[in-house]
Amino acid sequence: RDMIRQKALNRHRPQKLTEQNVRDIRRKYSDGQVSFRALAKEYAVTPRAIVCVIKGITWRHIDA
């Protein structure tokens, strides 16, 4: 069981967003061009993922 859990923790998922996507998302949102939902649809991620990107919860090492 522990070995299976450890393998699952070490598995890396491919990222759906790139650094350039993150910059574009933050710029578009700060310009007031689009909503969270529209951005999520455009980049094929969840609205929650967009919120996390904009608030800097994820991808905080990327400057806008």
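1. In this predicted model, H2 and H3 run roughly antiparallel, because their axes cross at roughly 155° and an angle over 145 degrees counts as such. The two axes come within 11 Å, and the crossing is right-handed.

2. On the H2 side, the contact is made by Asn21, Asp24, Ile25, Lys28 and Tyr29. H3 contributes Phe36, Leu39, Glu42 and Tyr43.

3. Which residues of H3 are buried? In this helix, residues 36-43, they are Leu39, Ala40 and Tyr43. Viewed down the axis of H3, these buried residues fall within an arc of 100°, so they line one face of the helix. Residues three or four places apart in an α-helix point the same way, because there are 3.6 residues a turn.

4. The buried residues of H3 are covered by elements including helix H2 (19-30) and helix H4 (47-55). Arg37 and Lys41 are exposed and sit on the face of H3 turned away from its buried side.

5. A search of the whole structure gives 1 aromatic pair. Its members are Tyr29 and Phe36, with ring centres 4.8 Å apart and planes at 15°, so the pair is stacked. Both residues also belong to the H2–H3 contact, Tyr29 from H2 and Phe36 from H3. Tyr29 is partly exposed at 33% relative accessibility, and Phe36 is partly exposed at 27%.

Methods: Residues numbered from 1 in each chain as written. Predicted model: local features only at pLDDT ≥ 70, side-chain atom pairs only at ≥ 80, totals over all residues. Heavy atoms only, no water. Phe/Tyr/Trp six-rings, centres within 6.5 Å; stacked < 30°, edge-to-face > 60°. Buried < 20%, exposed > 50% of the residue type's maximum accessible area, 1.4 Å probe, protein only. Helix = DSSP H or I, 4+ residues; strand = E, 2+ residues; numbered from the N terminus. Arc of directions from axis to C-beta. Contact = heavy atoms within 4.5 Å. Axes fitted to C-alpha atoms, helices over the stretch in contact; angles between N-to-C directions. Parallel < 35°, antiparallel > 145°, perpendicular 65-115°, else oblique. Left-handed = near helix turned anticlockwise from the far one by under 90°.
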